[in-house]
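Subject: Model for you to look at

Hello,

Please find the structure below.

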Amino acid sequence: MKHYRAHLLICTGTGCVSNGSFKIKEALEKEITKQGLADEIHVDTKGCNGFCERGPIVIVQPEGVYYQRLKVEDIPHLVKEHFIEGRPVEKLIFVPPKEKQSVPNISDIEFFKHQRLITLKNRGRINPEKIDEYIAFDGYDALSKALTQLTPTDILSEIKTSGLRGRGGGGFPTGTKWELCHNQKKTPKYIICNADEGDPGAFMDRSILESDPHSVLEGMIIGAYAIGASEGYIYVRDEYPLAVKRINLAIQQAEEYGLLGDDILGSGFNFKIKVIRGAGAFVCGEETALISSIEGRVGEPRQRPPFPIQRGLWKKPTTINNVETWANVPNIVSRGGEWFASLGTENSKGTKIFSLVGKITNTGLVEVPMGIPLGDIIFNIGGGIPGNKKFKAVQTGGPSGGCLPMELLNLPVDYQRLAEAGSIMGSGGMVVMDEDTCMVDVAKYFLTFLLDESCGKCFTCRKGIQRMLELVTDITEGRGTLKKLELLEELAQVVKDTTQCGLGQTAANPVLSTLRYFRNEYLEHIVDKHCSAGVCRQLFISPCQNACPADTNAAAYIAYISAGRFEDAMLELLNTNPFPSVCGRVCDHPCQLKCRRNQIDDSVAIRSLKRFVGDYFLQSGKFPKMRVPDTKLQHKIGIIGSGPAGLGAAYFLARLGYQTTVFEEHNVAGGMLAEAIPESRLPNSILAQEIKAIEDMGVEIKLNSKIGVDISFKDLMNNGYDAFFVAVGMYGDRSLGVEGEDLLGVFQGVDFLRDVNLGKPQYIANQRVAIIGGGNTAVDAARTCVRMGAKEVTIIYRRTQEEMPAFLEEIEDSLEEGIKLITLAAPVQIIGDNGKVTGIQCIRMDLDIFGKDGRRKPVPKKGSEFIIDADVIIPAIGEFADIEQLFEGLEVETWDNGTIKVNEAGQTSIPNVFAGGDVSTGPATVIKAIGAGQKVAESIDQFLFGKNNKTYPWRIHKPADVEFDMDAEPVEFSRQKPNRIPLEKRIKSFDEVEQVFSKEIAIKEAKRCLRCEMEVELLKEK
């Protein structure tokens, strides 16, 4: 055998082939020959490597260097650098998402290192078209052992001992199935390999047939010997041409080597295999329908019993298993049933192959031990969700399976636990979904698929799926009702209980599982006519408007800006938001995350455009005013708290004609906007002007009026007010709960920022400051300390940087300003001397099991304590609602965390008292608080006048009357970025860092908008 210094192994699975792997092979061979390296470097094709979305893939052995996403033009440089100069080409090597350093060796890549390969042991190391390579890695040794050393009964015993369960559906014990067929008296007997893989997103069976076809043949031959079958069939769909080609070639090679056919290995055992190409009907994955198809009849299921082991193909005893099950058999026979049974869980032995697809960073084929937590597959192997999106659900088992939520990320993946959770293992499809997935739409998608694939034999399946699809469609298109939802659930259960075959019995699973875990989304679609994922197109104007908690029609005001009609833009903004300039600075801009322009280059700078319009009129002094009724209503409304929720509610109530009084305990209005956000982000003068505009609408603001101290809530209720809105926010800082918090030099985050904003002296200059927390308060405190001349500022956060809840741009700015960030660390003790802080002891954290929020829980790492020297400690780990004094003498229901219990309308347990914003939901964003104020204003109006289907003016959205060519190509220029003051200047003052757009830049940026709202108009026309 010729020896080479390097072997280049090229993946030729379907994924890589479709991306040009054979062209890469040709280019490599040509360049290697050109460079005179043909005697040193060998190029060979291998089966599927598994990391399918990274193809074409080439692995350099024996180094293990992993090249991915290769192009033909890369090859000359690769050959020269790696094989002549001895330098691996960094730009062609895998770089994990969110990291900068490449990982050259395949064994170090997270996608591979957590897997356990048994069925896929030959993955990427043999040429599937060469039987000699399979034999070189112990191929057909198990068959030799079975025919020369074991009896059929011995084999059955090993399979039963192994605990192997069918890998294609419900997981019936393989050994039991074989034994039952073995005991049948009728002959001949048949075995069938079910390779009719029809689940959307599943490609396990195809990959095994393409990459290691002889493992399937060997397993089938052993199974036939154990059962007493003389003929076998591989039923594979015609859409798998490469799999069909390679399995036929493998059969031919096995026959030539005497491993298949008559007198196999001289044992006297005869067995033949035929390949049957199916037409791709999903129902033919059901075993009785598959048998009908092989027999040349219509692929329809039949009633069971009798089962195929009794009356199967040609009415003879038949054993059917899927591709993965057969491929497991040689390993069990070679290494013993007890070895296999040592892997996995009590009821689910061995490993399982999954095709990991959907909203996942690492798409591909993975093999893991049974019982591995669901989250480990998705986040360790799969790399988590791309684009900093949140995980929402994963569907296992294909259309017959179920959708599992983030609360089940710790669920051990085995047959029993999946069934308990309302799903199934199935063949191994695993479709991951992120926050942009609508679960009602998911149910609709799979019902559409199943309706097309139903054979129509059963009335309950044929008409039941159709009616379920009609009901779900009504819900996604705004015609849903609670009565229809009740009917949908009842119908789904009937279909499940009364349909004949597995397809029909599980057809309701997409509905039942999404109702079980995501009922709130169905109710949102029905009650609120809203799709938070931004998928159900008939329920919103544009993705940006749909994502905005205040329901702002961004597409309209951006269109007006593009036309230079700034007053129209401002009026459109003021329709839903009284704080355009404030939100133009501090909003977390969920609208931009949903902007469809992201699919081209980058989102439209929606927040910056909002700020431009607000500042344009604040600077001109000609602030447009929203219309207020000339005649006031007699009802008086009291609002407790002048933050964005309270002032927002006052604004919308004033537009309805209500007399509102806002009570604020401090000497300045604005709540956390005024007290906790530094001037460098939000100048007080800007906030004051927008609050003044609300006062000019007739809203009264009483400062220095703390309810429960200056005046009791009871007295207020007897003072002529008809309804109240409690919007006091979250003002109490949470304690660290560690020793030393009472030392001099410890300041609570919100208190510190409030004192700075209100002008109280803080002695930070030349001090070493440690800040605990990862939210906006922590980052704001850190950046404030820098501007106050701190010697050194360090943020300590117990999770990773990616998990910090602070705005991404604020985190990046803080790092640029020299602030140190220590992640995965938590405080243990604050250290002091003579009553004053000298430092803080921390401990390193590891991320453990998943919490209900989908994040791994941080746990202390024993023995990892360390000390940070510090003169000032600022805990900023969150706030809590301090409402005990507020409601003194009144009975109001609260949650365990201290927030106020409210119903869907924001109503508390006291009928005429409403609550919203942070005090009812916990800490949230400014725009969510404004949205809460908007919603409660409507609820108070309906409480006082009854529900009368009134359409509130801020809910009326009209398309901007600005010409737009729907057929024109989007403008090509990239997103405009606001100017920023230089770093050296900004760290020495509280001047605003980000500057407002000029008029010319604002108009240019607005022209990047794709005008998604025009699509709704087209839908209406249809």
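First, a term: buried means under 20% relative accessible area, exposed means over 50%, and partly exposed lies in between (1.4 Å probe, protein chains only). Helices (H or I, at least four residues) and strands (E, at least two) are DSSP runs, numbered from the N terminus.

This is a predicted model: local features need pLDDT of at least 70, side-chain atom pairs count only at pLDDT 80 or more, and totals for chains, interfaces and linings use all residues. Residues are numbered from 1 along each chain as its sequence is written, and side-chain values use heavy atoms, with hydrogens and water left out.

**Strand 5**

Start with strand 5, residues 190-195. Six of its six residues are buried. In a regular strand, side chains alternate between the two faces of the sheet. Here both faces are covered. Tyr190, Ile192 and Asn194 are buried on one side; Ile191, Cys193 and Ala195 are buried on the other.

Which strands does strand 5 run parallel to? One is strand 6 (residues 231-237), joined to strand 5 by six bridges. The other is strand 8 (residues 318-322), joined by five bridges. Two strands pair if DSSP finds at least two bridges between them. Cys193 stands opposite Ile234 in strand 6. Asn194 stands opposite Asn322 in strand 8.

**Salt bridges**

A salt bridge is a side-chain nitrogen of Lys or Arg within 4 Å of a carboxyl oxygen of Asp or Glu. The structure holds 67 of them.

Asp376 and Arg856 form one, at 2.7 Å from N to O. Asp376 is in helix 15 (residues 374-381) and Arg856 is in strand 24 (residues 856-860), so the bridge ties together parts 480 residues apart in sequence. Both residues are buried.

Asp436 forms another with Lys389; the closest N and O atoms are 3.1 Å apart. Asp436 sits in the loop between strand 13 (429-434) and helix 17 (439-453), and Lys389 in the loop between helix 15 and strand 11 (391-396), 47 residues apart. Lys389 counts as partly exposed because its relative accessibility is 21%.

Glu665 pairs with Lys706 in a salt bridge, with the closest N and O atoms 3.8 Å apart. Both lie in loops, so the pair ties together parts 41 residues apart in sequence. Glu665 is partly exposed at 34% relative accessibility. Lys706 is partly exposed too, at 30%.

Finally, salt bridges with shared partners join Arg681, Asp780, Arg783, Arg787, Glu810, Asp813, Glu816, Glu817, Arg980 and Arg986 into one network.

Best wishes
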